[in-house]
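Student: I have a chain open in the viewer and would like to talk through its fold with you. Could we take it one question at a time?

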Amino acid sequence: MIVRARIVVTMDGPPIENGAVVVEGNRIVNVGTLAEVKAHNSNEIVDLGEQALLPGLINAHCHLDYTCLRGKIQQQESFTDWIRAINAAKATLSPSDYVKSIAAGFAEAQRFGTTSIVNYEAFPELIARTPAPIRTWWLAELIDVRNANRAGEVVDLAMNSLNAIENGGLAPHAPFTASPDLYRRCAEVARRGNFVLSTHLAESREEMSMFRDGSGPLYDFLKEIGRDMNDCGGVTPLAAFLKSVGAPGGRALPPEWIVAHLNELTESDFDLLARSTTKFHIVHSPCSHKYFGHSPFSLERLRAFGFNICLGTDSLASNDHLSLFAEMRELRQNYPALSPETVVEMVTVNAARALDRQTLLGRIKQGFRADMIALRFEGKGEVLEEIIAFDKTMPWVMIDGHARSET
Ligand SMILES: [Zn+2]
């Protein structure tokens with residue numbers, strides 16, 4: 001099949017006017033102008049008309065479990081109160097509520113042009129019950145704060161659900177809910193089985209005051225539920241994480257990790273991040289960040305150090321949409337000096353790199369998977385500027401060579 005569009009944004013070179021992409025099976029086999037492509041292919045042409053064709057977007061951090069909580073969690077005084085509120089809301093949900101919630105999340109993500117998603121799954125046993133219509137990395141979200149010394153069991157149980165799927169991963173929730181033993185075991189299992197590793201880190205001021213000062217609302221809450229707080233005081237969340245994954249001092253940061261947030265960093269953290277020759281990947285979630293009113297994300301500094309920055313939506317318990325377009329717009333508002341190309345890279349090529357799929361996803365390029373989206377294009381200004389401004393649902397989506405049209 002030849003897919004033709006008014007403009008093809010490959011993320012692998014300049015946009016191609018009157019461009020065309022040849023798709024065979026689930027792969028892209030040729031890209032060029034329509035004339036160039038037609039000279040070598042006589043396949044059927046699917047003409048998308050006045051649209052821009054671009055790589056499908058990759059959401060590097062979300063929790064589809066909580067799609068049904070949109071608008072249900074009021075903004076709270078503190079991050080800790082938000083944790084209390086979401087825990088109370090979760091207590092009212094059944095497994096079948098979660099299955100419906102995840103399905104609704106997949107549908108919404110796809111409507112907004114997401115073709116790959118990194119989904120933290122708090123109930124890994126539900127993975128088998130929930131068909132994924134888009135390319136999905138299921139990350140078992142693991143917590144052992146109430147199960148001290150049982151990290152091994154927690155990981156083994158998750159592996160029962162992960163072993164059967166194509167793209168799996170492990171996500172110890174955060175240094176305040178996952179023990180060093182849990183982090184270590186996840187890293188070990190991931191090394192053996194080629195799993196993705198991710199965690200929340202240094203998200204809130206309360207996480208910083210818990211680790212650094214040994215006080216604050218998060219400290220009090222976790223102490224109250226029985227967490228051993230001996231690791232708190234005199235350490236930053238980043239340092240606590242690095243110690244857990246066996247990289248104390250941070251001479252070499254663990255490059256296999258996808259780290260969500262990283263809002264709270266001290267100058268000693270910045271020194272350590274700058275010094276390390278290896279870097280992990282970072283996911284920023286602009287709209288969820290705004291909802292919480294977190295400390296500003298040090299995007300420019302982290303980019304200058306060479307970190308690979310991706311975008312995520314996080315969950316609808318702290319956001320009101322699963323649209324990476326809205327995330328890109330929020331990001332541009334906060335960082336107006338960023339070029340539109342840099343912003344689109346964060347939801348395409350950068351995220352593909354974080355998932356170690358940089359030779360398969362994130363670009364429209366020969367040999368890559370045929371994951372593409374198309375949207376109405378008027379050509380009135382800068383191409384990527386107009387694409388980021390698109391705020392409707394996607395009229396055309398192709399995933400793994402299968403096209404789905406809205407009409
Ligand atoms: Zn999250």
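Student: What share of the contacts in the chain with a separation of 6 or more comes from residues 24 or more positions apart?

Tutor: Happy to start there, with a note that this is a predicted model, where local features need pLDDT of at least 70, side-chain atom pairs count only at pLDDT 80 or more, and totals for chains, interfaces and linings use all residues. Residues are numbered from 1 along each chain as its sequence is written. Two residues are in contact if their C-beta atoms, placed from the backbone, lie within 7 Å. Among contacts in the chain with a separation of 6 or more, the share from residues 24 or more positions apart is 71%.

Student: How many helices and strands does the chain have?

Tutor: Both are DSSP runs numbered from the N terminus, helices being H or I with at least four residues and strands E with at least two. On that count, the chain has 15 helices and 16 strands.

Student: What is the radius of gyration of the chain?

Tutor: The radius is taken over C-alpha atoms, and the globule rule is 2.2 Å times the number of residues to the power 0.38. For 407 residues the rule gives 22 Å, and the chain comes close to that, so it is as compact as a globular protein of that length. The radius of gyration of the chain is 21 Å.

Student: Is strand β6 largely enclosed or open, and how many of its residues are buried?

Tutor: A residue is buried if 20 or more other C-beta atoms, placed from the backbone, lie within 10 Å of its own, exposed if 12 or fewer, and partly exposed in between. Strand β6 covers residues 57-62 and is largely enclosed by the rest of the structure, because its buried residues number 6 of the 6.

Student: Which elements do the buried residues of helix α8 pack against?

Tutor: Helix α8 (residues 237-244) is mostly covered, with 7 of its 8 residues buried. Among them are L238, F241 and L242. The buried residues pack against α5, β10, α6 and α9.

Student: At what angle do the axes of α6 and α7 cross?

Tutor: Axes are lines fitted to C-alpha atoms, for helices over the stretch in contact, and angles run from 0 to 180 degrees between N-to-C directions. The axes of α6 (residues 205-213) and α7 (residues 217-224) come within 7 Å, and they cross at roughly 70°.
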